[in-house]
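Student: I would like to go through a structure feature by feature. Please give the general idea of each feature before the case at hand.

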Amino acid sequence: MTRLSWDAVGSRLYEIGIDRGVLYLTNGTGVVWNGLTSVAEEPNGGASTPLYFDGVKYFDQPSGIEFSGTITATTYPNDFLPFDGYTAAGTGLFFNNQNRNTFSLSYRTLVGNDSLSNSYGYKIHIVYNLTADPSTITYQTINDGVEPTQFSWKVNSRPNTASGYFPVSHVVIDAKTATTTGLAAIENKLYGTASTTPTLPTLAELVTLAAS
């Protein structure tokens with residue numbers, strides 16, 4: 001038997017930052033999203049409903065959870081315009097308030113600890129089937145302090161079905177616990193290689209790649 005030990009060296013973990021944003025188009029092709037500054041994950045649902053028998057509570061039935069959130073960026077790829085409600089009406093001419101297509105997104109968060117700082121590890125997040133609702137944009141006069149305009153969108157997801165699991169919107173790949181070959185296979189799929197195009201994997205493909 002081993003007595004519990006708190007705050008051992010290397011065990012104090014934290015998560016920080018966001019990088020490697022990738023926008024996945026309707027056809028699944030990945031496009032770099034430079035300027036992605038935050039993704040606020042705001043899941044809806046999950047509340048428990050108590051069940052009673054003969055006046056005694058015997059179970060708490062949790063409800064399903066739907067992924068929603070807020071994406072914030074200082075800029076976005078031109079490929080994002082159709083998902084923001086813009087349609088090209090001519091060369092360099094875009095009409096707003098058009099149909100907004102569904103997209104997917106991946107991004108990376110860093111995991112640090114007390115011995116390796118921010119280099120301890122990272123997690124890759126994939127969110128499927130997002131619909132964006134644009135938020136208020138404020139343009140301000142230029143002064144002696146440079147403050148880039150912040151763009152933000154409320155997003156909601158339509159979950160994918162997964163055999164043997166509840167419907168899935170949000171997937172996390174932990175680089176510290178994934179196998180070396182599995183992680184490399186997933187990253188090659190998400191980010192592309194010298195000979196392959198970055199592509200959004202299906203849930204079934206992710207399971208296969210993680211086991212490779």
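The dialogue below covers the chain as a whole, then its aromatic rings, charges over rings and backbone angles.

Student: What should I know about the source of the coordinates and the numbering?

Tutor: This is a predicted model, in which local features need pLDDT of at least 70 and side-chain atom pairs count only at pLDDT 80 or more, while totals for chains, interfaces and linings use all residues. Residues are numbered from 1 along each chain as its sequence is written, and side-chain values use heavy atoms, with hydrogens and water left out.

Student: How many helices and strands does the chain have?

Tutor: Helices (H or I, at least four residues) and strands (E, at least two) are DSSP runs, numbered from the N terminus. Here the chain has two helices and 16 strands. Its C-alpha atoms fill a box of roughly 70 × 50 × 45 Å along the principal axes.

Student: What percentage of the residues is buried?

Tutor: Buried means under 20% relative accessible area, exposed over 50%, and partly exposed in between, with a 1.4 Å probe and protein chains only. Of the 212 residues in the chain, 32% are buried.

Student: How many aromatic pairs does the search find?

Tutor: Rings of Phe, Tyr and Trp (its six-membered ring) pair if their centres lie within 6.5 Å; planes under 30 degrees apart count as stacked, over 60 as edge-to-face and the rest as tilted. The whole structure has 10 aromatic pairs. One of them is Trp33 with Phe80, a tilted pair at 4.9 Å centre to centre and 45° between the planes. This pair links distant parts of the chain, 47 residues apart: Trp33 is in the loop between β2 (30-32) and β3 (36-41), and Phe80 is in the loop between β8 (68-73) and β9 (87-90). Trp33 has 2% relative accessibility, so it counts as buried; Phe80, at 0%, also counts as buried.

Tutor: Phe83 and Phe103 form a tilted pair too, with 5.4 Å between centres and 55° between planes. Phe83 lies in the loop between β8 and β9 and Phe103 in strand β11, 20 residues apart. Both Phe83 and Phe103 are buried.

Student: Which residues form the aromatic cluster?

Tutor: One cluster is formed by Trp33, Tyr76, Phe80, Phe83, Phe103, Phe151 and Trp153.

Student: What about a charge over a ring?

Tutor: The test is NZ of Lys or CZ of Arg within 6 Å of the ring centre and within 35 degrees of the ring normal. The charged end of Arg108 sits over the ring of Tyr122, 4.6 Å from its centre. Lys176 has its charged end over the ring of Tyr120, 4.5 Å from the centre.

Student: Where is phi positive in a residue other than glycine?

Tutor: Most residues other than glycine have a negative phi. Asn97 has a positive phi, near 65°, and is placed in the loop between β10 and β11. Asn97 counts as exposed because its relative accessibility is 71%. Ser117 also has a positive phi, near 55°, but is found in strand β12 (residues 117-134). At 39% relative accessibility, Ser117 counts as partly exposed.
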